[in-house]
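Open the model in your viewer and keep the sequence panel beside it. The tour below goes from the whole chain to single residues, one selection at a time.

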Amino acid sequence: MRFVWAVVAFVLAAVLIGAGIAQRTIFMGPDTQQTQVEIDEPAPFVLIDGDVLRANPGAQTLIVRGEGEIFGSYGRTADMEAWLADSDYNQVTLKKNGDLAVEHVTAPSADGETDAPSDGAEGDSADAESAGRDPRGSDLWLDSFVKDNRLTAENMQLPEGTSMLVAYDGTADAPDDIVVSWPLDNSTPWAGPLMVAGGIVLLLGLILYVLAIRHQRRGRGPRRKGPGPLPATEPIDVAVLPPSERAAIEESGTPRSEPSAGTAAPTDGDVEEAEIVDESKDPDAKTSMRAATRPRRRRMLALPALGLTALLAAGCSSDSWPQLGDASPTPSPSPTVIAPENQKPPAVTEAQAKRILKTLAGTVSEADAALDLDLLATRFEGPALAARTTEYALRSKLPDTVPPAAIPTDQVEVVLPEATDQWPRTVLMLSKTGDDTVPPVVLTMTQADPWSNYKVSNIAEMSADAVFPEVAASWLGTSLVPSDSAFLTIPPANLASTFADVVDQGEQSEFYDMFDDLALTYAKSITDSRQAVIQALADKGAADTSKAAFDMAPTTDAPISMTTLDSGAIVAVTLTDTETVTPTGDDVSIRFGDNAQAKALTDATESAKGVETTYEFQLFFSVPAKGSTEQIRLLAAHQDLLSVKVIK
């Protein structure tokens, strides 16, 4: 019966192991589900709606095959459609029945109603369309990918309202071999347990088989015994035999036995008989030896079964076992942030803003090193560009001039985007390096239209004593404050002139108490620098022959104001302080002396009518809401030499 159970165990083990292997081989289903995008009419761009990518559950994978460098990006659908407003493209959408629909969108004619690209180049949209627009390097994308011949964007989970863009360089027709793939759950959680169970049953069958053989051998009965021992013989003394027998023995030639002291030495037959006698005397001797070797044989038989079980278990991946510990963790409550009704999306995401800042900083560093004003103009505008222009002019003539510090990108502490779906769009950022001795930088950058990149308009260093106000999260965004807003302590349009009055009038200004100590200290430093100019004239003995005048005023650049959480605003303004030195007599000239900057910018050494030097101040203030008892706080400031002119 033991043999029967052993056979049953072997059969059951084969079934279990076979079932486990079959689940991982012939019965294992595909791991992905794919949909081919059919493009009938070629176009430079293919816009794949996010609903197409979310047609099936799971992370999406986009596979694009072509020849050459393939570009792919994703972003907000509305932004991408705005970027493609004057281009031909194929738009892929999802029908209600789950099928794909491909619509060829034709660009409007040159005289049609559409926004022309404002990328700084002259020409109408027809020229831009004929030349093509390269999508690579645009700040509009949330992320982008570039690969040769085959582009694979894996593990994407595009949220609602986003789409994918596929192209080459914006001129050639986009690739038409596009596949969207989703993962399928082809895990076999019982494959591993089945194979392990099969290995255990196989081991049990081997044990039953060995026990059956042992039982069969024991059931045969005792072995047949050999012949009993022969009687012992004594040596024959020939001398005592009768003469006739003794003569017969001598004639036969049989030697006499030579008995030794004690018992006679056994012959070969005696040894064999002795062995037989031993076995007959101890019938369990060989049985004991066989019993001693059986455990070793059972261990040797068990080793292959254990090895097979371990091999099957080791070859199973995590998909071959039940996942008992992967239960979703219970979410913990988090603070609730209520967005205003009809809240627009932020202009950029935090990751997008950091990527833009790194690209922008790299371009500016390259332009600074090469003194390339055209390259700089692709990333700077307004007051920031004006200050850098003078800087380049000085460095080209005075190589020892210290170059401006690079824009830090190591640690971006604040990303405050404007919440809007229109253009222009503005983002305020606060970044710093890992060196605590280098002050953080506050800047504002603006995107003029969908086809333009972000450009820095205001940039200044934050004081170590300044405290940055609480602002909205980057995913929520904020709004711009109108320049004439009456909801702040002072309208943004009046802030620059108000601070200029404090600089000019000092404590006599009616606005003096509206600013904090840091702002007043900075205003006094400007006043002190003016006094230094007057004192320098006196030291040179020119106090009676020349005079200095100063005039601080806001520039024509509109202030940039962004709301904070306390209903206040961060306001960026720009002022100029013009220093005019003129002679007091007709026969007096203003000599530049050791003023190398004036000589470099004017190509002159003196002026009969005087010299006009203009300094630019880029300032960031925190302005409280109207009715607040807080003061206007200075956050960051930066001063540049803007120009030196000979009065004619």
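Start with the whole protein chain and turn on its surface. The accessible surface comes to about 36,400 Å², and 53% of it belongs to carbon and sulfur atoms. Keep in mind that this is a predicted model. Now switch to a cartoon view, where the chain shows 14 helices and 19 strands. Of its 648 residues, 38% count as buried. Among contacts in the chain with a separation of 6 or more, 73% are between residues 24 or more positions apart.

**Stop 1: the start of the chain**

Select M1, V4, W5 and V8. These residues form a nonpolar patch on the surface, and together they have about 440 Å² of accessible area. V8 sits in helix α1, which covers residues 2-24. Is V8 buried, partly exposed or exposed? Its relative accessibility is 41%, so V8 counts as partly exposed.

**Stop 2**

Select N155, which belongs to strand β6 (residues 143-156). The phi angle of N155 is near 55°, a positive value in a residue that is not glycine. N155 counts as exposed because its relative accessibility is 62%, and exposed begins over 50%.

Next, select L371. This residue is in the loop between α9 (350-370) and α10 (373-376). L371 also has a positive phi without being glycine, here near 50°. With a relative accessible area of 30%, L371 is partly exposed.

**Stop 3: a cis peptide bond**

Select W423 and P424 and show the backbone atoms. Is the peptide bond from W423 to P424 cis or trans? The bond is cis, and its omega is near 0°. P424 lies in the loop between β9 (411-417) and β10 (425-432). Follow the chain into β10 for the next stop.

**Stop 4: an enclosed strand**

Select strand β11, residues 441-447. How many of the seven residues of β11 are buried? Seven of the seven are, so the strand is largely enclosed by the rest of the structure. To see this, colour the two faces of β11 separately. V441, L443, M445 and Q447 are on one side, V442, T444 and T446 are on the other, and all of these residues are buried.

β10 and β11 run antiparallel and are joined by seven bridges. In this pair, L430 stands opposite V442 of β11. Strand β12 (residues 455-462) is also antiparallel to β11, with six bridges joining the two. Here M445 stands opposite V456 of β12.

**Stop 5: a hairpin**

Select β14 (residues 560-563) together with β15. The two strands pair in the antiparallel sense over four bridges. T563 has A569 in β15 as its bridge partner. β14 and β15 form a hairpin, with five residues between them. In the turn, pick out S567, which has a positive phi of about 70°.

**Stop 6: the nonpolar cores**

Show side chains and select L495, F499, F515, L619 and F621. In the largest nonpolar core, which has 27 residues, these five touch the most other members. Two or more residues of this core come from each of α12 (492-505), α13 (517-539), β15 (569-583), β18 (611-623) and β19 (633-646). Which element gives the largest share of this core? The answer is α12, with six residues.

Keep L495 selected and show what surrounds it. Setting aside neighbours within four places in sequence, L495 is in contact with I490, F515, V571, V573, F621, V623 and I632. Another core, of 24 residues, lies apart from this one; its members include F380, V415, Y454 and V456. V456 has already come up, as the residue in β12 opposite M445.

**Stop 7: the end of the chain**

Finish by selecting K648, in the segment after β19. K648 counts as exposed because its relative accessibility is 83%. K648 and A608 are 40 residues apart along the chain, and their C-alpha atoms are separated by 8.2 Å.

Note on methods: Residues are numbered from 1 along each chain as its sequence is written. This is a predicted model: local features need pLDDT of at least 70, side-chain atom pairs count only at pLDDT 80 or more; totals for chains, interfaces and linings use all residues. Side-chain values use heavy atoms; hydrogens and water are left out. Buried means under 20% relative accessible area, exposed over 50%, partly exposed in between (1.4 Å probe, protein chains only). A nonpolar core is a set of buried Ala, Val, Leu, Ile, Met, Phe, Trp, Tyr and Cys residues joined through side-chain atoms within 4.5 Å. Contact means heavy atoms within 4.5 Å. Patches are made of residues with over 30% relative accessible area and no salt bridge: like charges are joined within 9 Å, nonpolar side chains (Val, Leu, Ile, Met, Phe, Trp, Tyr) within 5 Å. Accessible areas come from the Shrake-Rupley method with a 1.4 Å probe; for residues, only the protein chains shown count as cover. A salt bridge is a side-chain nitrogen of Lys or Arg within 4 Å of a carboxyl oxygen of Asp or Glu. Two strands pair if DSSP finds at least two bridges between them.
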